[in-house]
Amino acid sequence: MTQRHRTNGTLVVIPTYNERENLADIAARVLRSAPDVDVLVVDDNSPDGTGALASALASGHDRMHVLHRAGKEGIGAAYRAGFAWGLERGYERFVEMDADGSHQPEQLTGLLHALVGADVALGSRWVDGGSVKNWPLRRALLSRGGSLYARIALGLPFRDITGGYRAFTAFALETIGYEKIVSQGYCFQIDMLWHAHTAGLRISEVPITFIERVHGESKMSGGIVREAIVRVSLWGIMGLPARLRGVTPLEQRPSTREHHVARV
C-alpha cells in the first residue's frame with residue numbers, strides 16, 4: 001500500500017541543482033511561514049552536495065522529504081516527479097517554489113488562500129502590488145517581453161505567464177495532464193498555464209515580490225529562452241484557426257473558468 005503522509009495537505013516542491021548555499025535557509029523559512037505544509041526537495045544529483053544536505057535536513061524533520069534523481073533533466077522533469085510523488089501520497093495542494101530565495105516563503109499563505117476559490121494560483125510580479133527587486137533591466141525586459149509575447153500568441157489573459165511561484169490543486173494537475181508536459185524552464189510554466197486555461201480551470205493571480213538570488217548562479221540560459229520562443233510560436237500558429245472561430249484548442253468547461261487578481 002502506498003504510504004500516505006498528509007492527506008488533504010499541501011506540498012511545496014523545490015527542485016534543486018547546486019543550491020547548497022540557499023537550501024537550508026529557504027527550507028527553514030517555508031516550514032516556519034506555513035506550519036501546515038510539507039516540503040519536498042527534488043535534487044538532480046547536484047555536484048555541490050545539495051542532495052546530501054537535503055537528506056540531512058530531512059532526517060530530523062517529519063515535514064521535509066527528499067527525492068533524489070539520477071541527474072540533471074531540467075525543472076520541468078523535476079516538477080513532474082515531485083507532483084507524482086505527492087499525488088501518490090494523497091496531497092491535495094501543490095506549490096512550485098525556487099530554491100534560490102527569489103520566491104518569498106512569507107508570501108506562501110497568500111497563494112494558498114487564493115486556492116480557496118481557484119484551481120490554480122499564480123504568483124504575479126506584473127499585477128498591481130507585485131514587484132521585482134535587484135533585477136537588472138535586461139532580466140526585467142526579458143520577463144515582461146516573454147509574458148507579453150505568450151499572452152498575444154496564445155490568447156492568454158494573464159499578466160505574469162512565465163513566473164514560477166505557483167500553487168495548484170491536485171484536481172488541476174490531473175486535469176492539466178502534468179505528466180505529459182515535457183517543456184523546460186520558462187516554457188514549462190507557459191505550457192502548464194496554457195493547458196490550465198484551455199481546460200477551463202479557475203485561475204487567480206496573486207501579487208508577489210520577486211527578489212534576485214544572492215548566492216549561486218541563475219539556471220536561465222539562451223537555450224531555455226529559445227525553447228520558449230519556438231514552442232510558443234508553434235502553439236500560437238496551431239491554435240490560431242480555433243481562436244479565430246472563437247473556440248480554444250482543448251475541450252473547455254466554461255462553467256468553471258474564472259480569472260481574477262486575488263487581493264490577499
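Let's start with Asp119, which counts as buried because its relative accessibility is 6%; buried means under 20% relative accessible area, exposed over 50%, and partly exposed in between, using a 1.4 Å probe and protein chains only. Asp119 forms a salt bridge with Arg202, and their closest N and O atoms are 3.2 Å apart. By salt bridge I mean a side-chain nitrogen of Lys or Arg within 4 Å of a carboxyl oxygen of Asp or Glu. Arg202 sits in strand β8 (residues 202-207) and Asp119 in the loop between α4 and β5, so this pair ties together parts 83 residues apart in sequence. Arg202 itself is partly exposed, at 29%.

A quick word on the source. This is a predicted model, where local features need pLDDT of at least 70 and side-chain atom pairs count only at pLDDT 80 or more, while totals for chains, interfaces and linings use all residues. Residues are numbered from 1 along each chain as its sequence is written, and side-chain values use heavy atoms, leaving out hydrogens and water.

Now, the wider view. The protein has eight helices and ten strands; these are DSSP runs numbered from the N terminus, with helices (H or I) of at least four residues and strands (E) of at least two. Of its 264 residues, 54% are buried.

Back to the charges. How many salt bridges does the structure hold? There are seven. One of them joins Glu106 and Arg29, with the closest N and O atoms 2.8 Å apart. This pair links distant parts of the chain, as Glu106 is in the loop between β4 and α4 (108-114) and Arg29 is in helix α1 (residues 20-33), 77 residues apart. Glu106 is partly exposed at 41% relative accessibility, while Arg29 is buried at 13%. Together with Asp25, Arg29 and Glu106 are linked in a network of salt bridges.

Next, please find strand β7 (residues 166-169). Arg166 and Phe168 point one way, Ala167 and Thr169 point the other, and all are buried. In a regular strand, side chains alternate between the two faces of the sheet. Which strands pair with β7? Strand β4 (residues 93-96) runs antiparallel to β7, joined by four bridges, and β5 (residues 120-124) is also antiparallel to β7, with three bridges. Pairing here takes at least two bridges found by DSSP. Phe94 stands opposite Phe168, and Leu122 has Arg166 as its bridge partner.
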